[in-house]
Structures are given as C-alpha cells and as structure tokens.
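This report describes one protein model for a reader who has not seen it before. Please look over the sequence and the structure before reading on.

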Amino acid sequence: MLKRIFIIGLFLNLLPLSLVSQKLLLSGKVEDNTGFPVALANVAIQTCSDSCVIARTVTDDNGSFSFDLDALPVPVTLHVSAIGFEDAFVDTQNADAGVIVLKPAAYMLNEVFVKASKHIVNLKNNGIRVSVSGTYLSHTGTTLELLGKIPFVFKSGTNIEVIGKGVPIIYINNRQVRDLHELEQLSSSSVKNIEVITSPGARYSSTANAVIRITTLAPMGEGFSFSGRTTLGLKHYAYLFEQLNFNYRAKGLDLFGALNYENYRECPRFENVVTQYLRAGLVEQHSMGQEMTKYPVYAGKLGLNYNDRVHSFGLLYDFKFNPSKTNGQSETSRYGAYIPEEVLGNFFVANRHNRQHLLSAYYSATLEKWKLTANIDALWQINDRFTEENERSSVNPLRNFNTMNKVGNRLLAGNLMATCAVWFGDLRFGMETNGIHRTDRYAGNADYIASNDNRIDETTTALFVESDQKFGVVSAGVGLRWEYTDSKFYLFGRYSPEQSRTYHNFAPSLFVAFPMGTVKANFAYTRKTSRPVFSQLSSAVKYIDRYTYETGNPNLRPIFRDNFSFSSSWKDLMVQLEYTSTKNYFMWQTFPYPSNTEATLQTIQNMPRFHAYSAFINYAPSFFGCWHPVLMAAVVVQDFKLVHHGTELKLNRPLGVFRFNNAVQLPCEVWLNVDFLLHTDGDAENNRNHNYWNCDIGLYKSFLNDTWNVKLQLGDVFGTWRQKFVMYDALTRSSVVKRYHTRDLNLTIRYNFNATRSRYKGNGAGNDEKGRL
C-alpha cells in the first residue's frame, strides 16, 4: 500500500513541471481525417497581414510540432502541408494550436517511388524507424516477409525475433498482434512505416524486451469495400490459404470484419543422441523418427469504430479455432556403458482442439493539452489435448495408454494512460491491471502416469510514468514502471502456500539522443523482467517415455535483464552495440528419478547471472538505381557457464548472423527479390548451435494502382534450412538434428474493391499475460 501511495505522489509532484517553461511554446498536432498522426508534415508560422514566414518546422512521428518563440505576433496563421493532403491554413492567437486535420488530396498518383534523397532507415530515440510506403520495401509481398528485411529483425520460418532481444511484442496501428498469421494477411503495400523499439520504455510491460510497431497507410474513401487474398502453394503437399476482409465506412463510423482459413502441415524428421551420466552408469539413447501434423486455422473478427476530432472508440470481437492432429513414430536404441541393452519403439496420435474468444474495447480523447486512452479486454481460451500411445520394448512388456490434458484460461484486463505537454516535451502516466483464472488437468489410464488438477488465480497491478524532453538538438527520456503480482496456486482444489507467489518489481528506463556532427547517436538503458509461463510453474509430473518424466517448478524466480545499448547512424550506415546482464535465466535440468535409478526427471531451474555482448551493423546503399542491396551482420558473445558431468563447461563461442537482401526493379514494374541468410556456429545460453544458410527468391507485380497484385515465391531454394544443436545440462548432453520440408513454392493473389482499412485504434490490455497463457 505504501508503494502505491509513493507512486501516486510521484505523479502529482511531476505535474507542476508544466509551469517551468521560460519561453513561449507554440505547439500542436497534425492528423489525417481518420485520426492517424501525419509525420514529416511541413508547418510554417505566417503573419496574417502579409503572409510573412516567421518560422518553420516538421512534425515528428506522432504528428506533433512545436515552436520555441520569444514572443507571438498576434494573430498568426499556421500553414500546414504534406504529400497526399490538401494544404491547411489555421488562424490562431493561442500557444496551443490543438489538432489540425488534413484532408486527402483529390488527386491520386499511380505510384510514388522514393529515390536516394531519402534514407529509408532512421535512428529514433529508442530504436529505428523504417519507411515502407513509396520504397522498394512495399513490393515485398506479405508483412511477415517484410519484417525479415528490417534491421535488427530475424525471421526463421514463420517466427520473428529481434536479434539479442528474443520474441518482440508486435502492434498494427496500436493493436497488439496475438497471432503471427495476421502478418501474412497484411500486404506490404499497405504498410506506411515500421518502428523497431529495442529499448521499450515504462509504458510497455516489464517483460517487453523489444517492440515492433507497424503503421498502415491512411484509409481513404467511404461506403462498402472488400479485399481478399488467395494463396496456392506446394511443399511436400498442396495447400490453400483464403482470406476475406470487408468494411463499411460512413463519415466517422466504421463497421468491419474478416474471415480467414489456412491449412498447414508439418513433417519434420529428427535424429537425437542423448548421453546421460546417471547413478546406474553411463546411458546413451540413439533416436530417430518422424511426425506428421495437420493444423488448419479458422478465424474471424467483427467490430465497429467511431472517430471524430476529439473522441474515438471501438469494439472488437475476435475468434479462433485451431484443431490439429499429429501422428508420430520413433525408434530408440538404448546403450549402457556402450553395450546394447534395449530397443524402444513408440507410436502416438495426438488430437488438439484449441479455441479462443476475445472481446476488446478502447476509448481515446484529445482534450486541449491532454490525451487520454483506455483499453479493456476479456479473453477466453480452451485448449484440449488427447493422446493415444503405443510403446514397444525388446526386453519389457508392451505399454498402451491414453492421456488427457485440458487447460482453460480466463483473462480480464484494462489499462489507462494520460499524456500531456510538460516543459519541452510530453509526460505520460497511467496504470494497468489484469486478473487471470487458469485450470490445468492432466490424467492417464495407467498407474505409472500421475494425475494432476491445478488452478491458478493471479492478479497484477502496474503503475508507470515516463517523460520525453527535447533540449535543442538533444533529446532525453526517463521512465519508471512498478508491477505487483499476487499468484495463488491450488492443487486438487486445496490452496498451496508453498507454490503461491507474490512479485514486486521496479523497471526503470532512460535514453539520451544527440548528434555528433553528421552522425546521430543515442544511449539507452532498460531493466526487464520475464516471469514464468504457467506451464513452467506446474508441479504435475508428465510421462514422456518409460525412462523420462517431466515437471515444472513452482519455485521459479523471475528473470531480470539489465540492458545497455549505444546506437549511431550516418547516411545509410547504422551500428549498434549492446551489453546485457541476465539473472535467474530459466534452463531445463535433468535429475535422477527418485524411485528409479535408470529413469530421469526433467525440470526447469534458475541459473546464475551471466553476461552477453553484441554488435550489429546494417548498410543499405541507395545509389545503385534499380538495385537495392542491404547488408546486415550481427555477432553475439556470452559468458554462460554451467556444471556438466561434474566439471565447469564454458559456452562462450561467438554466434553470427549475416544477411544479404537484394531488390531489383525489372522492366514492366516487376520486382525481383533475392535474399540470402547465414547463421554461423556459436553458443546461445546452454545450446551449441551449428551453422545453416538459406536462399529465398520472389517476383512481385501490381496492377491498376495496386487494385490487385501477384507474388510468386520460392522459399529455401536449396533446401538447406535445418535445426542442429547440442544442449547441455548437469547430467545430460543432447545432440539434436531436425529437418523440415522448407522448400516452398507459392503464388499469392491479392485483390481490392474500394479498399479501406479499419481505423480501430485499441492497443489491448493484459497483452503480456495473453502471451503467458
């Protein structure tokens, strides 16, 4: 309670800073007719009598502008202009010009292509901003493919990571993306710009190590519209993706919806060699097998949105149904002291039925110098898994058994943020709260499978405050976030105090951005936290095979990461250096099973503090005309140590990622994309990774002012992508090789009719907890 009073008192003490300004500050904000901010708009102060220009500036990424004046000749006219909009002339006698709304220009250009005079990648206060619209990047295809071409970002299959930061939180127009399939549904030609925030401030969850914000082009037109996407592909099977979006717009009202169907299959093959140093002696297991998984996706959403110059609100209902079926078989040869002991065969069938319903609402208002935003989310999830297993042994009796795992999640979350102009910048403060109810039941029909019935009730409350200020050419920001979590654990309906936890966490952040001649530079510090996901806290012992069991650890402590970064850019060259200190890293460890000297129990543990150092460089020359090459290189080195088989093992080999992307404009406005990626040998946490490389080729062509476009893509041309690594813990060395059918030929056709996009501005609530579910 005292901490909450302290934070509220801090907010109240910061507010009077708005009275400190020594000069007259004329400020305002520029938006389009849908409420989206207009960046890089030109704003000029003119005298009303003779239109003499007193001062000029441009708007920032949030559409805001300001003039630091000694005095204001009253009255004056603000002349605002931007490409694609009609000029606006606003008379004002006040220091606060309010929100200036620009109307779309009556004319449309077939295509605007940005030449070398504009740098596509620009350094921002806490990351980078990449311009997409009007550049060669808009001809990439899907937004998922587009992210694989952005600095700092690494794409592996359908997964996205920020190098050195892990999986980012992704937003599209302030709404969090909870399913990466959304990125495949959004065309790159619809994207205006992308921000990669490598040092997220206090407004974001303390678990957010990186954030990607995607802004789409401002929608135009009214009435009914629809757009669609059809993808035909061939991997080791033929597949079809189908998507349909519809929208009705009248003045400030939007009614929108979408239906989506996708059909996926995976057929990985694996080869594992596991060496265990047990009390009974040295044991080796050589395994090979194959799995086949079919997982179609049925999804849809329906919502409404309303915008005017002051208020904006909306509702959204989103549903997903993901059934799947997996068939797998494997054969394992077991050796004791290098002598063959047993041959194990396993065949299993697993059926999953995952359902999700999300109801989301938001409200925002701009009132003089204040901007208020609020979000509320209600989420329901039901995830069922049923397995049938047949386990054969050359020396032991046959085992046939079934297992059942049912997981239910309910989340109710809300957040509130206020922004106001203070001193030479902005002050933002707010709160977020969420409650989670989770049930997890696991059972089998054999006496060697332990049943469990867990329940977790968890509430989290967070308060945050942050401020960004600009002093001439120097920008600086500071923020603080406080989070309190109360997690109650129940086992078979009984409260378990040993497994219940409370967390208090402070997450500070700061940045300083400054020029050094023609070089832009910034320094940033953040402290981030990763709490265990619920499955890692479960005390249920799950059966893997007759010699391997797995359980979670209710005593896990959160991970803390202190991150320091220095970034700089000069023309088309960008460099970033980082240092990260990690405490309580989660790692799976193997222990002897208590009642069986030949079996093992795998559980997750906290590890001692370790450090990592990384260097990143990106060069995108823009003077080759129709050829647009981009070279990227990143190197990460760590000093991770662990005790393996009684001795200290150092995992500190450098890990490198090198990328060479090429976009070539061919005749008839056809675009050719050829991308190469190399991932070198190196260590990451307790894994020793082996190198791999791959190459993707694509052709893109749009027609009738992008009314429809076609993309022909061949992914992993030479079939070289794979997973190969060695994983270490105290008692085990596991060598893993996984091969996937990654060569993928597909044709995507997108078509639009009076295309508009929803103006839904909600950013969701409880976003971090949704990921943990």
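Buried stands for under 20% relative accessible area, exposed for over 50%, and partly exposed for values in between (1.4 Å probe, protein chains only). In soluble globular proteins, nonpolar side chains tend to be buried together.

The model is predicted: local features need pLDDT of at least 70, side-chain atom pairs count only at pLDDT 80 or more, and totals for chains, interfaces and linings use all residues. Residues are numbered from 1 along each chain as its sequence is written, and side-chain values use heavy atoms, with hydrogens and water left out.

The pLDDT is the predictor's confidence in each residue, from 0 to 100. Its mean over the protein is 86, and 90% of the residues reach 70 or more. Helices (H or I, at least four residues) and strands (E, at least two) are DSSP runs, numbered from the N terminus. The pLDDT is below 50 over residues 1–22, a stretch with 30 contacts in the model beyond near neighbours in sequence. It is also below 50 over residues 107–117, where 16 such contacts are found.

Next come the strands. An open sheet of 6 strands has the order β8-β9-β14-β15-β12-β13, with mixed pairing. Two strands pair if DSSP finds at least two bridges between them. The edge strands, β8 (121–124) and β13 (175–176), each pair on one side only. Strand β15 (residues 211–216) is mostly covered, with 5 of its 6 residues buried. In β15, R213 is the bridge partner of Y171 and also of E195. In β9, R129 is the bridge partner of N122.

| Strand pair | Sense | Bridges |
|---|---|---|
| β12 (residues 169–172) and β15 | parallel | 4 bridges |
| β14 (residues 191–197) and β15 | antiparallel | 6 bridges |
| β8 and β9 (residues 127–131) | antiparallel | 4 bridges |

Aromatic rings are the last topic. The whole structure contains 35 aromatic pairs. Rings of Phe, Tyr and Trp (its six-membered ring) pair if their centres lie within 6.5 Å; planes under 30 degrees apart count as stacked, over 60 as edge-to-face and the rest as tilted. Y525 and F564 form a tilted pair, 4.8 Å centre to centre and with 35° between the planes. Because Y525 lies in strand β30 (residues 519–530) and F564 in strand β33 (residues 559–570), the pair ties together parts that are 39 residues apart in sequence. Y525 is buried at 15% relative accessible area, while F564 is partly exposed at 34%. Ring pairs also link Y237, Y239, F241, Y264 and Y295 into a cluster.

How values were computed: Contact means heavy atoms within 4.5 Å.
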